[in-house]
Structures are given as structure tokens and as C-alpha cells.
Amino acid sequence: DDEAADEGGAAAAAATTTAMGTAAAATDTAATTATMAPPPSSATTTTVAARPSLLSRQASTMSVGGGTGSAVDKKKYRVVPTSSLPGYDRLWPHPHLPDVPPNANGPPIRIGDEVGRDLAVRAEQEFVKATAATADKAEAGRLRDEWTGRRLLRPGGPTVLPMRVEDIKTMPGSELAGYMPRRGDFDVEWDNEAEAILAEMEFAADDAPQDRQLKLQIVDIYNAKLAERERRKAFLVERRLLNYRQNQANDLLLPPDERDLVNRMRLFA
């Protein structure tokens, strides 16, 4: 009986293994068939229709850039002024352009010309190195005269010719604290808060005419303050009031009564 039971169990196991193998083979066959089967017609149509447009765009880009020279969808481009584009007047109507003064030492200045600040800065640095290599003040003066006549305020030339470091102490006002003789400015200027009236002001394209006119009037007021500031500094320079030590020495040479009168009048200067 035991031997018959063992033979029956082995036969059942063999039958189960055979059934599992048959099922696995059927599953593999079905998967292979599904893989090899073509996709639905709509997907095929979409894929085929999308590829030519993609290739067409790539060929168009390459042909415009000159990469492949393909004749597929070639386009011609040309440069046009920005002001000629449609709707430019609505984007920026009548921009404010200040008057440009004429250039007396060079060609006329036109709005839109290249400023060339980098060339001016390089030329200024070249002049500074050349003057630093001079032996004395006389040689530096001759070099300055040469640059003034040939390169100052010319295309590609400097806009200013700085002095040598050792010559700064000879400039009027160099001993005054708060005064920058090379720039001709004070740390605290007359009406020192004049810039506050337009520090936050902006010109926008959609400004109303009244607002734009008001902003231009504010700019005019600021320019008037700058002009008055320059007039007062010119007053100091013309009357040599920046030579503080020399003025002190001259006051000591005055008679006592005249010196007292001058000191009293200083309040009204």
C-alpha cells in the first residue's frame, strides 16, 4: 500500500509540473504575440504625422543657420529699425531726448552714436602711466600739452587728463578737509539734498501728458539747482577763497582796523 501511494504521488507531481510548464509556455507565446502585434491605427497615424513636422523644423533651423544647407523651409531675415515695428508708438510715445551740445574739439555729437567709455578709460589710464614715468613737473606739463592738443576729447581719446599724485598738493584747496581738488567737489555741497526730489521718479510709457510735463518741470528745477551749485563754486575759485593758508597769511598783513572790518563782513559773504 505504501509503495502504491508513493507511485500515485509522483504521478500527480509530474502531472502538475507538466501543466505549469504548458501554462508558462502559453503565457510567453501570448506575450510575444502581443509584442509583435502592430499598435492601433490611430497611434500609428499620430506618430507618423508628428515626425515629418519635427524633422521639418530641425531642417529649417539648420538651413537658416547654414548648418546643412537643406532647402526645406528656408526663411530670409532682415534687420529693421525698432521704431518701424507695429505698435511702437503705443509702447513708447514721444520719448524725451535732451539736447546734445556741439562738440567744439571734435566731430559733432549725434543721438545714437556710440559713447566709447571703455576707450576713454583706457586712454586715461595710458596717460596716467605716461605722466607717472616723467622725471619732473616740466616734462609732465609738456606731455599734458601734447595730449591736450592731439587726443583730449577726440574719438578714442580720454575725456579728462588727471594730474600726477605729487602735483595734487599744489592744487588750490588741497589742504581743506571735505574738498576734492581733482573733482572740484565738496563732500557736502550747496543744497546737498537736491537729488532727493527725483531720486524715485520714473518716466513710463503710459504716463499722462500732465504727469510727463510735471516730471520735466522737476528735472528743470533740479538742473537749476545744479547750475546754482556750480556758480557758487566758481565764485570760490575766481576769488581764490580755496587757498585757505594763503588767505590767512594775507590777513595777518592787514592793519588791525581793516582786518577787523574784513572779519565782520565775512558774515555776509
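Author: Start with the elements. Helices are DSSP runs of H or I with at least four residues, strands are runs of E with at least two, and both are numbered from the N terminus. Aspartate 191 is placed on that basis, in the loop between strand E2 (185-186) and H6. One caution: this is a predicted model.

Reader: What makes the phi of aspartate 191 worth a remark?

Author: Most residues other than glycine have a negative phi. Aspartate 191 is not a glycine, yet its phi is positive, about 50°. Leucine 153 is a further case, with a positive phi of about 60°. Leucine 153 sits in the loop between H5 and E1.

Reader: How many helices and strands does the chain have, and in what pattern?

Author: Eight helices and two strands. Along the sequence the pattern reads α-α-α-α-α-β-β-α-α-α.

Reader: How much of the chain counts as buried?

Author: Of its 269 residues, 13% do. The chain exposes about 21300 Å², and carbon and sulfur atoms supply 58% of that area.

Reader: Which residues make up the largest nonpolar core, and what makes it a core?

Author: Phe127, Leu143, Trp147, Leu152 and Leu161. A core needs buried residues of the nonpolar types, joined through side-chain atoms within 4.5 Å. These five pass that test, so they are called a core. In soluble globular proteins, nonpolar side chains tend to be buried together.

Reader: What does tryptophan 147 touch, leaving out residues up to four places away in sequence?

Author: Ala123, Glu126, Phe127, Leu152, Pro158 and Leu161. Among these, Phe127, Leu152 and Leu161 are also core members.

Reader: Glu126 is charged. How do you know that glutamate 126 and arginine 151 form a salt bridge?

Author: By distance. The cut-off is 4 Å between a side-chain nitrogen of Lys or Arg and a carboxyl oxygen of Asp or Glu. Arginine 151 and glutamate 126 meet at 3.6 Å, N to O, so the pair qualifies. The pair links distant parts of the chain, 25 residues apart. Arginine 151 is in the loop between helix H5 (137-150) and strand E1 (179-180), and glutamate 126 is in helix H4 (residues 117-132). Arginine 151, at 29% relative accessibility, counts as partly exposed. So does glutamate 126, at 40%.

Reader: How many salt bridges does a search of the whole structure find?

Author: It finds 16. Side chains of opposite charge can pair when their charged atoms come close. One of the bridges joins glutamate 146 and arginine 150, with the closest N and O atoms 3.2 Å apart. Both residues lie in helix H5, four residues apart, about one turn of the helix.

Reader: What separates arginine 264 and aspartate 260 in helix H8?

Author: About one helical turn, because they are four residues apart. Their closest N and O atoms are 2.9 Å apart, in a salt bridge. Arginine 264 is exposed at 53%, whereas aspartate 260 is partly exposed at 38%. Elsewhere, salt bridges that share partners join Arg183, Asp185, Glu189, Glu230 and Lys233 into one network.

Reader: Which residues make the nonpolar surface patch of about 510 Å²?

Author: Leu261, Met265, Leu267 and Phe268. Patch members need over 30% relative accessible area and no salt bridge, with nonpolar side chains joined within 5 Å. The four meet those terms, so they count as a patch. Leucine 261 is found in helix H8 (residues 256-265).

Reader: Is lysine 215 buried or exposed, and how do you know?

Author: Buried means under 20%. Lysine 215 has 16%, so it counts as buried. Lysine 215 lies in helix H6 (residues 209-238).

Reader: What makes the pair of lysine 215 and aspartate 207 a polar contact?

Author: The limit is 3.5 Å. Their side chains are joined at 2.9 Å, so the term applies. Beyond four places in sequence, lysine 215 touches Met201, Glu202, Phe203, Ala204 and Asp207.

Notes
Residues are numbered from 1 along each chain as its sequence is written. This is a predicted model: local features need pLDDT of at least 70, side-chain atom pairs count only at pLDDT 80 or more; totals for chains, interfaces and linings use all residues. Side-chain values use heavy atoms; hydrogens and water are left out. Buried means under 20% relative accessible area, exposed over 50%, partly exposed in between (1.4 Å probe, protein chains only). Contact means heavy atoms within 4.5 Å. Accessible areas come from the Shrake-Rupley method with a 1.4 Å probe; for residues, only the protein chains shown count as cover. Patches are made of residues with over 30% relative accessible area and no salt bridge: like charges are joined within 9 Å, nonpolar side chains (Val, Leu, Ile, Met, Phe, Trp, Tyr) within 5 Å. A polar contact is a pair of N or O atoms within 3.5 Å; within protein, one must be able to donate a hydrogen and the other to accept it, and residues adjacent in sequence count only if both atoms are side-chain atoms.
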